[in-house]
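Q: Got a structure here that I want to go through before setting anything up. Can we start with the backbone and then look at the helix packing?

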Amino acid sequence: MSAPQQHTTDSTPALPDADAASDDALVEAADLDTDEAAEAPGATAPRGEALLVQEGDVAGDYLERLLDILDVDGDIDLDVEGDRASVAIVGGRLDDLIGQDGATLEALQELTRLAVAQSTGVRSRLMLDVGGFRAKRRADLTALAGETARRVSGSGQPERLSPMNPFERKVVHDVIAGIAGVHSESEGEEPNRRVVVLPDR
């Protein structure tokens with residue numbers, strides 16, 4: 001495995017106090033997940049490229065150590081996509097790191113975000129993929145959102161999709177936002193929060 005470049009610091013900043021809502025929590029006024037709201041134009045100041053590269057490096061080091069402990073073969077790919085670091089574990093037999101419906105991947109992403117936050121002192125919105133699972137899921141959800149939008153546009157009746165995690169809901173919201181005649185909202189509480197696609201009035 002090729003280890004990512006390591007950065008060390010003399011002291012590790014303390015984590016900021018937890019706020020009332022988690023990184024993927026609901027922003028009630030807009031009925032959006034914060035990951036969605038943060039992507040909206042003008043919603044937040046862009047995160048510095050240097051910080052995102054540092055987040056990726058810290059995450060890469062953390063995941064390399066984890067793969068060694070688990071004796072799992074895999075390479076770490078680091079990138080910056082928009083205003084978040086993107087880390088992917090590729091190659092090898094990685095099904096155990098994905099889990100049923102990506103549940104293990106979600107947990108691993110949260111652990112990696114915590115490791116990054118502990119090192120940088122800044123809450124991380126890093127996105128982790130394993131074995132192309134998220135990329136495939138994004139393609140499937142894009143198709144699902146398009147088909148649902150066409151049905152809703154034709155019938156004039158709203159449709160509720162199955163419960164999804166914040167990443168999946170954001171993919172659907174992004175697709176629906178680009179289709180005329182329909183819009184989407186999120187409803188419910190985790191882990192049963194879902195997207196509703198509605199006709200425009």
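Q: Is D101 buried or exposed?
A: This is a predicted model, and in it D101 has a relative accessible area of 64%. The cut-off for exposed is over 50%, so D101 counts as exposed.

Q: What is phi doing at D101?
A: Phi of D101 is positive, about 55 degrees, although D101 is not a glycine.

Q: Where does D101 sit?
A: D101 is in the loop between α3 (95–98) and α4.

Q: What about D71, what is its phi?
A: Phi of D71 is near 55 degrees, a positive value in a residue other than glycine. D71 lies in the loop between α2 and β3 (75–81).

Q: And is D71 buried or exposed?
A: D71 has a relative accessible area of 69%, so it is exposed.

Q: Which residues does the cis peptide bond join?
A: The cis bond joins E190 and P191, with omega about 5 degrees. P191 belongs to the loop between β7 (182–187) and β8 (194–199).

Q: OK, helices now. At what angle do α2 and α4 pack?
A: Helix α2 (residues 49–70) and helix α4 (residues 103–120) pack at about 120 degrees, and their axes are 9 Å apart.

Q: Why is that called oblique rather than roughly perpendicular?
A: Roughly perpendicular covers 65 to 115 degrees. The angle here is about 120 degrees, and α2 and α4 are therefore oblique to each other.

Q: Which residues make the contact?
A: From α2, the contact uses L51, Q54, E55, V58, A59, Y62, L63 and L66. From α4, the residues are L108, L111, T112, A115, V116, S119 and T120.

Q: How does that contact of α2 with α4 divide by class?
A: There are ten nonpolar, four polar and one charged residues in the contact of α2 with α4.

Q: What handedness does the crossing of α2 and α4 have?
A: α2 passes α4 in a right-handed crossing.

Q: Next pair. How do α5 and α6 cross?
A: The axes of helix α5 (residues 133–155) and helix α6 (residues 166–177) come within 9 Å and cross at roughly 45 degrees. That makes α5 oblique to α6. The crossing of α5 past α6 is right-handed.

Q: Which residues are in contact there?
A: On the α5 side they are R134, R137, R138, L141, T142, A145, G146 and A149. On the α6 side they are F167, E168, V171, V172, V175 and I176.

Q: How many of those are charged?
A: Four are charged in the contact of α5 with α6, with eight nonpolar and two polar.

Definitions and conventions: Residues numbered from 1 in each chain as written. Predicted model: local features only at pLDDT ≥ 70, side-chain atom pairs only at ≥ 80, totals over all residues. Heavy atoms only, no water. Axes fitted to C-alpha atoms, helices over the stretch in contact; angles between N-to-C directions. Helix = DSSP H or I, 4+ residues; strand = E, 2+ residues; numbered from the N terminus. Parallel < 35°, antiparallel > 145°, perpendicular 65-115°, else oblique. Left-handed = near helix turned anticlockwise from the far one by under 90°. Contact = heavy atoms within 4.5 Å. Nonpolar A, V, L, I, M, F, W, Y, C, P; charged D, E, K, R; others polar. Buried < 20%, exposed > 50% of the residue type's maximum accessible area, 1.4 Å probe, protein only.
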